[in-house]
Amino acid sequence: GLIFYDTKVTVMNRVLNATVQRTADHAAPEITLDPLEIVGGEIRSSENSYFCQAARQLACVPSSQLCVKLASGGDPTYAFNIRFTGEEVHGTSGSFRHFLWQVCKELQSSSLSLLLLCPSSAVNKNKGKYILTPSPITYAEEQLFHFFGQLLGIAIRADVPLPLDLLPSFWKTLVGEPLDPDLDLQEADILTYNYVKKFENINDETELEALCAEIASQHLATESPDCPNKPCCKFTYLTMTGEEVELCPRGRHIPVGWENKDVYATAIRSLRMRELQTPECMTAVRAGLGSIIPLQLLTTLTPLEMELRTCGLPYINLEFLKAHTMYQVGLMETDQHIEFFWSALEMFTQEELCKFIKFACNQERIPFTCPCKDGGPDTAHVPPYPMKIAPPDGAAGV
């Protein structure tokens with residue numbers, strides 16, 4: 001926290017360029033994607049997704065071939081080239097950036113099960129935020145999490161911000177920072193947080209009985225074996241994926257009483273903390289990330305800085321974009337139609353600006369830092385900077 005973010009990024013970029021393993025002498029790996037598999041935006045099967053198509057084809061490519069220098073200049077080097085079946089695409093940048101945008105859409109949809117919408121979003125808190133799906137994983141799923149980690153590293157080397165909306169708990173676990181049992185639980189699952197707090201704040205047995213009666217009305221409790229008409233809770237709880245589990249051995253047979261209510265609350269909190277840390281999944285993600293960038297770099301970054309470096313800002317800074325725009329063939333910033341253009345963009349909502357950036361650059365987010373800082377022409381820009389505005393190709397007046 002004592003080092004400025006820009007300084008950290010400068011050091012990080014030097015390390016990334018010093019750990020390049022594929023030089024210009026070696027041809028880039030190429031993968032072929034079939035757009036017809038996701039025609040109409042509906043993915044019929046997870047195996048047909050761009051994410052899984054790419055994971056299968058890159059599984060046999062050594063990770064060293066994906067470690068390239070940081071993207072800069074007009075024709076940057078990317079980890080791999082993409083060819084779309086039946087489509088002629090000029091250059092490599094547009095198709096690569098479109099691929100990263102598409103896989104982020106897939107990851108944050110029902111077509112893939114690697115990410116889970118956080119439970120808090122059901123009650124409009126952190127709406128649209130995701131976490132790693134907390135469940136035991138198969139070998140095939142482990143490979144997909146590994147590829148997900150590789151994509152994070154590939155995006156960092158390409159300097160293409162990924163439009164991923166992940167909870168801070170993901171970035172904390174990624175960089176090795178411990179989770180806050182109160183704050184992170186509240187962010188991820190506000191209903192469970194409130195449920196636990198109710199048990200922790202009970203003052204007497206009468207309140208406990210009233211709480212159990214309230215829970216019983218919501219079908220979460222059963223009758224006490226000692227007093228058949230008296231509702232009680234058992235040492236069980238629902239996981240984030242909706243499965244009922246025992247919080248301790250034989251938990252289904254242990255009622256919650258005044259003596260063990262704090263143990264019950266602590267057990268629920270511990271369950272959610274384990275689910276947020278997802279050790280199996282995160283180990284695979286970190287292994288994938290570590291095959292592309294040195295994991296030692298993460299020790300200098302805070303969770304928020306890691307998120308900024310990987311995903312950028314979820315909004316478009318028009319002033320920054322304006323400073324990184326080049327006008328070609330006689331156009332000037334003071335031309336009336338150019339002023340109209342910027343005036344129109346200033347009236348766009350952030351959602352509309354993201355669509356404009358997707359149309360212009362084939363990505364929804366733009367890097368919010370650039371080596372040139374102020375748009376000067378003497379240093380290498382990070383694509384898609386500078387944005388270029390040119391006159392029409394057709395005849396005058398067309």
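**Helix packing, a loop residue and cysteines**

Analyst: To begin with orientation, helices α2 and α4 are roughly perpendicular to each other. The model is a predicted one.

User: At what angle do α2 and α4 pack, and how far apart are their axes?

Analyst: Helix α2 covers residues 50–58 and helix α4 covers residues 139–158. Angles from 65 to 115 degrees count as roughly perpendicular, and therefore so does this pair. The packing angle is about 95°, and the axes lie 10 Å apart.

User: By class, which residues make up the contact of α2 with α4?

Analyst: From α2 come Phe51, Cys52, Ala54, Ala55 and Leu58, which meet Leu144, Phe147, Phe148 and Leu151 of α4. The contact has no polar and no charged residues; its nonpolar count is 9.

User: Is Leu297 buried or exposed?

Analyst: Leu297 sits in the loop between α10 (279–290) and α11 (303–311). Its relative accessibility is 9%, and buried means under 20%. Leu297 is therefore buried.

User: Which residues does Leu297 touch, leaving out those up to four places away in sequence?

Analyst: The C-alpha atom of Leu297 is 9.9 Å from that of Val9, although the two residues are 288 apart along the chain. The residues that Leu297 touches are Met12, Val15 and Leu16.

User: How many disulfides does the count come to?

Analyst: A disulfide needs two cysteine sulfur atoms within 2.5 Å. Cys311 is buried at 0% relative accessibility, and the closest cysteine sulfur to its own, in Cys104, is 7.3 Å away, so the two are too far apart for a bond. For the structure, the number of disulfides is 0.

Key:
Residues numbered from 1 in each chain as written. Predicted model: local features only at pLDDT ≥ 70, side-chain atom pairs only at ≥ 80, totals over all residues. Heavy atoms only, no water. Axes fitted to C-alpha atoms, helices over the stretch in contact; angles between N-to-C directions. Helix = DSSP H or I, 4+ residues; strand = E, 2+ residues; numbered from the N terminus. Parallel < 35°, antiparallel > 145°, perpendicular 65-115°, else oblique. Contact = heavy atoms within 4.5 Å. Nonpolar A, V, L, I, M, F, W, Y, C, P; charged D, E, K, R; others polar. Buried < 20%, exposed > 50% of the residue type's maximum accessible area, 1.4 Å probe, protein only.
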